[in-house]
Amino acid sequence: MPKIARRTCFTDYLRAVSLGACKSNRRFLAKFVVLAASVLVIPLAASAQTLVVTSSGSTVSQGATLTINTVPNMPNLVLSVNGGSSCDTVSYAVAVSYSDRAGYTTDATYVEQDEPGDQSVTVSYFGVLEGGVATVSWQFDGVNQSSTLGFFINGSNPQNSDVDAYVSSGPWFIRNLINHESGYQQFDGFGNPIWGSPDGIGLMQLEPPARASLDQDFWSWPANLADGLSWLNNTKKGPAYNSWNNELQQMQSDMAPGQRYPPNTGYSYCYFSYPQNGNDSYADGDWIHYYNGNYFIFWNHSNLSWDIDTTGYVANVCNTPAL
Amino acid sequence: MFAILRPCSVFLSALGLLAVLDLLFGQNAPTKERDANTAPQLYLLAGTPTEHIDKTYPAVLYRAGPDQKLKTVREVVPTTDGLHSVHAWGSVIFIAYPHTIPAAVGIVHTGDPSLRDNLVFNPEAYDALSNPGGFFVSDTRIAVTLARGLYPNALFPLSTNFADPSKGRLANVSSNITLAGQRVKPDGWEEYAALRSEGSAGGPDLPAGLLGSTVGNDLGIVVSGHTTIVAPLPPDLRDTPAFTPIWIVASSADYLVVRRNFTVEELASGKLGDSIQVFLLDRNSGNWRTLRIEGTSSRSRLAGNWLATIVARWNANQLPSPGRDNERGVERDHFPNVRDLYAQFAGKKNLTPGILVLQNLADGRKIRIETGQEDSEILRVEGDVILYRVNDTIYQARIDGSQLKDTTVTVKDEDVPEVHWAFWSK
């Protein structure tokens with residue numbers, strides 16, 4: 001359709017020129033003028049358009065850095081073409097890609113298709129946040145243009161209070177855990193998703209399969225927290241509580257009619273005991289440890305004694321303050 | 001005078017020759033290939049119990065292939081469930097699952113390894129979120145018994161609270177598949193008197209063991225207020241306080257092997273030396289005698305007259321055992337990180353130097369296999385044939401007096417580190 005509209009615009013122009021020539025009764029000259037015009041006009045029209053990219057009113061230059069804000073929202077991006085007309089159509093593609101240290105790639109391409117050549121368009125992200133290397137490419141009247149614009153999109157960390165508010169319904173140790181895992185950082189000093197060995201991402205240092213939101217776990221701090229909370233509550237709590245209660249029963253079975261309770265285990269911000277007596281439950285100790293894998297406490301049948309991982313993950317979390 | 005060979009004569013002669021050849025080399029003749037089809041094949045059960053952690057792995061039954069690779073026969077327990085424990089005796093292997101609080105058992109019948117036989121014995125298993133009033137299983141009182149003759153049963157003591165004797169019950173699982181719908185019965189505590197235990201397998205897990213108690217001058221199984229006498233105590237263990245824990249190392253029709261429990265303090269003191277004393281009841285004579293087992297925290301397994309031991313010593317400084325670097329150090333597909341598991345469990349407080357000891361309880365012979373590898377164990381002894389595993393390789397050898405001869409590689413494959421049970425079957 002755009003091509004048909006173009007021919008209409010161009011043949012009208014040629015007709016106007018040829019009518020002028022006909023009025024002077026010089027048909028041969030008219031045809032020459034039309035031919036000359038078509039030879040001259042087309043190349044001039046093809047080299048007249050340039051891509052224009054702005055963000056919040058400012059021109060985005062090659063190699064610039066835009067930032068996902070703390071809400072989080074993607075940066076405002078407005079695309080247009082200089083020298084386009086209403087008879088022209090322009091399609092834009094904004095490709096964003098990032099690869100982390102483990103080789104995992106996040107990417108998305110935002111497309112604005114068949115826009116009028118004389119109109120600007122604000123890129124719609126549809127709630128999908130992506131960062132990394134960004135490239136804007138465009139088509140003018142169906143022809144791929146060689147000029148593109150490359151820039152960067154990075155992220156910005158939320159306020160500690162925003163993180164605390166988001167996880168306020170989580171378990172009592174969640175803020176200690178987040179601080180231990182990431183220091184309350186979703187992004188590093190370069191605005192890239194913070195990565196920790198063996199392959200953790202963001203505030204909750206999510207590893208597969210806990211990254212239920214995939215790329216959003218990298219670029220959206222609420223998604224990262226939500227998936228971390230879900231992993232804790234829906235995947236780890238039940239097995240952890242089953243484990244502790246089973247270990248307690250194993251002790252009861254082995255030591256009956258006697259008992260051998262585990263020794264109290266204390267840290268700066270946690271104090272585990274059984275009977276609980278107002279202290280923290282060993283079930284929660286296992287729950288904390290299960291986030292990182294493996295046990296906190298188990299009843300060792302071989303020696304009829306308790307085996308507690310006193311210096312491992314639980315110690316790290318329970319000695320880290322909440323922010 | 002020449003005989004003229006008629007065409008039909010030639011034909012009949014040819015037929016006769018063919019008949020002779022067929023008799024010698026044809027399908028009806030006993031051939032090596034035909035023998036191989038009916039010869040017993042080696043089956044290997046792979047599985048890593050993970051009661052104490054939140055990772056789960058499958059139990060898989062394999063057959064040893066002619067190319068020294070494992071051939072999958074069937075999956076006995078899926079990865080999603082994981083294994084709790086394995087108890088083998090005679091022609092039956094009971095595999096309890098899921099891994100934390102078992103509710104069902106997968107049974108391998110060595111006479112028909114392909115037969116899928118799974119039974120639920122704890123339908124009201126405890127779950128913190130969905131069934132907090134449910135039943136736990138006492139790890140150290142799970143036992144195989146032969147009280148009902150030829151068919152081994154598995155006893156699973158259940159309770160909602162083992163501190164309260166009134167809360168217990170027993171799930172008695174029969175391996176007799178002809179019983180149809182009557183294979184899981186409640187109670188039957190008296191069957192503990194005929195308990196059978198091969199002992200502890202190898203691998204990175206810490207097997208629970210079978211725990212008895214002193215009951216006067218007898219050894220008994222005491223759980224949930226029920227007491228079943230197994231045997232009189234050895235003289236040296238009599239007159240000990242009631243309910244003193246006594247570990248049942250192994251129990252067969254011919255032998256009962258027990259030892260007393262050692263506290264962490266005793267083990268750490270170094271006063272136990274390099275070996276411990278165990279007590280051996282010869283059921284045929286009714287006499288107790290003592291035996292020394294190398295190591296202070298060793299694991300032993302009974303096969304006929306042979307007591308097979310993985311030597312281990314108390315490891316106060318939690319040093320890695322020899323061969324730790326040769327163990328699988330990553331978790332891959334359905335295979336565990338063996339190195340990590342040893343570091344957390346069997347190898348954490350036990351230094352395992354890679355010494356396997358065979359002691360013949362009848363004639364006193366002793367054979368020592370020095371593998372130098374933590375992850376090694378004796379899988380089976382049958383007649384004069386021994387199978388033992390070192391990391392990812394299974395060896396077969398012949399016992400000749402007090403030596404091993406004709407050692408060959410039987411299987412070498414990726415999942416061999418998870419193999420802890422072996423049997424031959426047609």
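Reader: Which residues does Ile178(A) touch, not counting residues up to four places away in sequence?
Author: This is a predicted model. In it, Ile178(A) touches Val163(A), Val167(A), Gly183(A), Tyr184(A), Leu203(A), Met204(A) and Leu225(A), leaving out residues up to four places away in sequence.

Reader: Which residues touch the most other members of the largest nonpolar core?
Author: Those are Ile178(A), Met204(A) and Phe272(A), in a core of 43 residues.

Reader: And which elements give two or more residues to this core?
Author: In chain A they are the helices H4 (174-182), H6 (221-255), H7 (282-292) and H8 (313-318), together with strands E15 (297-300) and E16 (305-308). H6(A) gives the most, with 10 residues.

Reader: What other core lies apart from it?
Author: Another core, of 32 residues, lies apart from that one; Val53(A), Leu77(A), Val90(A) and Val136(A) are among its members.

Reader: Turning to aromatic rings, how many aromatic pairs does the structure hold?
Author: Over all chains there are 25 aromatic pairs. One of them joins Tyr126(B) and Phe136(B), whose ring centres are 4.4 Å apart.

Reader: Why does that pair of Tyr126(B) and Phe136(B) count as stacked?
Author: Their planes are at 25°, so the pair is stacked, the limit being under 30 degrees.

Reader: Where do the two residues of this pair lie in chain B?
Author: Tyr126(B) is in the loop between strand E7 (118-120) and strand E8 (136-137), and Phe136(B) is in strand E8. They are 10 residues apart, and the pair links distant parts of the chain.

Reader: Is Tyr126(B) buried or exposed?
Author: Tyr126(B) counts as buried, at 10% relative accessibility. Phe136(B) is buried as well, with a relative accessible area of 3%.

Reader: Which residues do ring pairs link into a cluster in chain A?
Author: The cluster consists of Trp244(A), Tyr261(A), Tyr267(A), Phe272(A), Tyr274(A), Tyr282(A), Phe296(A), Trp299(A) and Trp306(A). Phe272(A) was also named above for its contacts in the largest nonpolar core.

Reader: Over which ring does the charged end of Arg211(A) sit?
Author: It sits over the ring of Tyr104(A), 5.6 Å from the centre. Lys237(A), in turn, lies over the face of Tyr241(A), at 5.5 Å from the ring centre.

Reader: Back to chain B: where is Ile276(B)?
Author: Ile276(B) belongs to strand E19 (residues 275-282) of chain B. Ile276(B) is buried, with a relative accessible area of 6%.

Key
Residues numbered from 1 in each chain as written. Chains lettered and ligands numbered in written order. Predicted model: local features only at pLDDT ≥ 70, side-chain atom pairs only at ≥ 80, totals over all residues. Heavy atoms only, no water. Helix = DSSP H or I, 4+ residues; strand = E, 2+ residues; numbered from the N terminus. Buried < 20%, exposed > 50% of the residue type's maximum accessible area, 1.4 Å probe, protein only. Phe/Tyr/Trp six-rings, centres within 6.5 Å; stacked < 30°, edge-to-face > 60°. Lys NZ or Arg CZ within 6 Å of the ring centre and 35° of its normal. Core = buried A, V, L, I, M, F, W, Y, C linked by side-chain atoms within 4.5 Å. Contact = heavy atoms within 4.5 Å.
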